[in-house]
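Visitor: I have the coordinates open and would like to go through the fold with you. Could we begin with how the helices pack?

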Amino acid sequence: MSKKILNIVTSVKGDASFSNKLSNAVLEKLAKEYPQSEVQTFDLSKTPLPYLDELQLNAFYTPAETHSENQLESIKLSDDAIQDLLEADIIVIGVPIYNFGIPALLKGWIDQVARAGKTFSYDENGPKGLISGKKVYLSVASGAVFSEGPYKSYDFAEPYLRVVLGFLGITDVTTFRVEGTAIPDFADSALPNALAAVEEFAF
């Protein structure tokens, strides 16, 4: 069965990145499961999306039929990112934890794809996600251990991503972690343990 896979890269460390290595392992398993799949990689470390500005925000809330040329140009990258998201069956997101949260590059992507009327809406019952039928794999990397222990409450990355993705209608989310990479007792086994978890997972 063929799948369209969107691979979001957010680490600035390239081949040395633990989140990239973990995402690559996920992609390899997906390729075995769905050999005819097409992978589109969006490397935000090389082509970051712009942060929101006044022109963009105004364009988001201006009826499409009255957009000016400047407004159309300002939202083009947002429109393209949303289209990539809508077309994907599976989304793989590399998430290095920086200062207890997600990278600014990833937040910039979220701000561009979370748009009222495009990926979520409001009605008399409150907010409603407009994206459905997607599977997300988070490849989370951290120097500390956040999945358990004293720093568990310091993890503002995975909980935030689950909330914001759920807000858009994406609730089928699986997280893999390579953690403790900066802790002597964990560092040597951190990546092998993470790769083993991917290998054992039933995709």
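Guide: In this predicted model, helix 5 (residues 104–113) passes helix 6 (residues 158–167) in a left-handed crossing. Their axes come within 12 Å and cross at roughly 10°.

Visitor: Are helix 5 and helix 6 roughly parallel or roughly antiparallel?

Guide: Helix 5 and helix 6 are roughly parallel to each other, because angles under 35 degrees count as such.

Visitor: Which residues of helix 5 and helix 6 meet?

Guide: From helix 5, L106, K107 and I110 are in contact with Y160, L161 and V164 of helix 6.

Visitor: And helix 1 with helix 7: at what angle do the axes cross?

Guide: The axes of helix 1 and helix 7 (residues 184–200) cross at roughly 20° and come within 9 Å. These two helices are therefore also described as roughly parallel, but their crossing is right-handed. Helix 1 contributes F18, K21, L22, A25, V26 and K29 to the contact, and helix 7 contributes L191, A194, L195, V198 and E199.

Visitor: Where does N24 lie?

Guide: N24 lies in helix 1, which spans residues 18–33. With a relative accessibility of 39%, N24 counts as partly exposed, because that class covers values between 20% and 50%. In sequence, N24 and S139 are 115 residues apart, while their C-alpha atoms are 9.2 Å apart in space.

Visitor: How many bridges join strand 1 to strand 2?

Guide: Six bridges join strand 1 (residues 4–9) to strand 2, and the two run parallel. Within this pairing, I5 stands opposite V39, and I8 has F42 as its bridge partner. Strand 1 is also joined to strand 3, by four parallel bridges. There, the bridge partner of I5 is I90.

Visitor: Why is strand 1 described as largely enclosed?

Guide: Five of its six residues are buried, so strand 1 is largely enclosed by the rest of the structure.

Visitor: What about strand 7; how many of its residues are buried?

Guide: Strand 7 (residues 172–179) is mostly covered, with six of its eight residues buried. Strand 7 pairs with strand 6 (residues 135–142) over eight bridges in the parallel sense. One of the pairs is A141 with V178, the latter in strand 7.

Visitor: Which elements make the β-α-β units?

Guide: Strand 6, helix 6 and strand 7 make a right-handed unit. Strand 1, helix 1 and strand 2 also make a right-handed β-α-β unit.

Definitions and conventions: Residues numbered from 1 in each chain as written. Predicted model: local features only at pLDDT ≥ 70, side-chain atom pairs only at ≥ 80, totals over all residues. Heavy atoms only, no water. Buried < 20%, exposed > 50% of the residue type's maximum accessible area, 1.4 Å probe, protein only. Pairing = 2+ DSSP bridges. Right-handed = clockwise from strand over helix to strand, strands pointing away. Axes fitted to C-alpha atoms, helices over the stretch in contact; angles between N-to-C directions. Parallel < 35°, antiparallel > 145°, perpendicular 65-115°, else oblique. Left-handed = near helix turned anticlockwise from the far one by under 90°. Contact = heavy atoms within 4.5 Å.
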